[in-house]
Amino acid sequence: MRGGKRRNREPRPDRIPLRAIVPNLVTSLAACAGITSISFSSEGRWKEALWALLVAVVCDGMDGRIARMLNASSKLGAELDSLADFVNFGVAPAMFMYFWFTGGPTHMIDGEPVNPILIRVVLGCALYYAMCDCFRLARFNTMLEQETAPYWKNFFTGVPAPGGCWMVLTPAMISLALGPKWSPTPYLGIFMLLFVGSLMASRLPTISLKHLHISKSWLPFVLAGLLLLIAFLVSNFWLTLGVVGLVYIVTVPMTGWIFLKVRARYERDHCPSALDGAATKV
């Protein structure tokens, strides 16, 4: 009857809303993109492999926001996200670098076969990078349950997995943009895999843009810089990504210096007694 009151439907424990599946579908799409990138790399289709990784990065940035927007966050989604990140930003870039610096599926560079020993060395470095990414993700999951000092809110512990993927693929992006003018050697690949892998597994502070604020006086300059970046992306996409990746690498020591200043300021403002005690002992 029209005048009757509707009965409130109580949620049943054996049912979940359909919206709760959407974030997991986006995460699954990211994992599929990472696996597709591995397939393209094994076939020597380098640009397609990089595009697949870009799709994985976009989906990785969207799934958490979609989960919060739909109020569909879950423990299953968090675990699925970590597994997808290991595939997308650990295994996929490691395999890309392995095939890229060993001559692709034929292991031929400039018509000459690559030294089998060098192939095994690059493979070992690729495995090291992937395991460093796995360790970084596992440590991140354990740190979610721990309290951290307030001055860590603008910093990551170690290079995040997507950032590490971006860093390690920088030589490939620049090489694809420049063509035959610049062809990196396998020794550069060995260095990048070891260097970036170590940065991910380290406890060095790296920049986090989630809680970063800018002054209103700097807003016009920031907007102008973003517009300039977009213009360069349109004109030369891969070269711009490669150069920005190099800038990201340079920010690591700069961020460490800024972190030391922020920590010292926090300890001076909130722990003066500890500093006075240390000064007395000296």
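**A friendly tour of a predicted fold**

Gly-256 has its place in helix 9, which covers residues 237-270. The model is predicted, with local features needing pLDDT of at least 70 and side-chain atom pairs counting only at pLDDT 80 or more, while totals for chains, interfaces and linings use all residues. Residues are numbered from 1 along each chain as its sequence is written, and side-chain values use heavy atoms, with hydrogens and water left out.

**Overall architecture**

- The protein holds 10 helices and 4 strands; these are DSSP runs numbered from the N terminus, with helices being H or I of at least four residues and strands being E of at least two.
- Along the sequence, the elements follow the pattern α-α-α-β-β-α-β-α-α-α-β-α-α-α.
- Of the 282 residues in the protein, 37% are buried. Here buried means under 20% relative accessible area, exposed means over 50%, and partly exposed lies in between (1.4 Å probe, protein chains only).

**Residues that meet across the sequence**

- Gly-256 counts as buried because its relative accessibility is 18%. Gly-256 and Leu-204 are 52 residues apart in sequence, and their C-alpha atoms are 7.0 Å apart in space.
- Arg-65 sits in helix 2 (residues 46-69) and counts as exposed, since its relative accessibility is 55%.
- Ala-172 belongs to helix 6 (residues 170-178), and with 0% relative accessibility it counts as buried. The C-alpha atoms of Ala-172 and Gly-189 are separated by 9.3 Å, and these residues are 17 apart along the chain.

**A nonpolar surface patch**

- Ile-214, Trp-218, Leu-219, Phe-221, Val-222, Leu-223, Leu-226 and Leu-229 together form a nonpolar patch on the surface, with about 770 Å² of accessible area.
- Patches are made of residues with over 30% relative accessible area and no salt bridge, where like charges are joined within 9 Å and nonpolar side chains (Val, Leu, Ile, Met, Phe, Trp, Tyr) within 5 Å. Accessible areas come from the Shrake-Rupley method with a 1.4 Å probe, and for residues only the protein chains shown count as cover.
- One member of the patch, Phe-221, lies in helix 8 (residues 219-235). Phe-221 counts as exposed because its relative accessibility is 58%.

**The second largest pocket**

- The second largest pocket holds about 350 Å³ of space.
- Its lining has 15 residues, and the closest to the centre are Trp-100, Ile-109, Asp-110, Ser-183 and Pro-184.
- Helix 3 (75-101) and strand 1 (108-109) are the elements that give two or more residues to this lining.
- A pocket is an open set of points on a 1 Å grid over the protein atoms alone, with protein on both sides within 12 Å along at least five of seven lines, whereas a cavity is a set of points where a 1.4 Å probe fits but cannot get out; lining residues have an atom within 4 Å of a point. Grid points are joined across faces, edges and corners, and a volume is the space filled by probe spheres set on the points.

**Salt bridge and cysteines**

- The count comes to 1 salt bridge, defined as a side-chain nitrogen of Lys or Arg within 4 Å of a carboxyl oxygen of Asp or Glu.
- The side chains of Glu-43 and Arg-45 meet in a salt bridge at 3.2 Å, N to O. Glu-43 is partly exposed, with a relative accessible area of 45%, and Arg-45 is also partly exposed, at 35%.
- The whole structure has 0 disulfides, a disulfide being a pair of cysteine sulfur atoms within 2.5 Å. For Cys-59, which is in no disulfide, the nearest cysteine sulfur is that of Cys-32, 9.5 Å away.
- Cys-59 counts as buried at 7% relative accessibility, and Cys-165 is buried with a relative accessible area of 4%.
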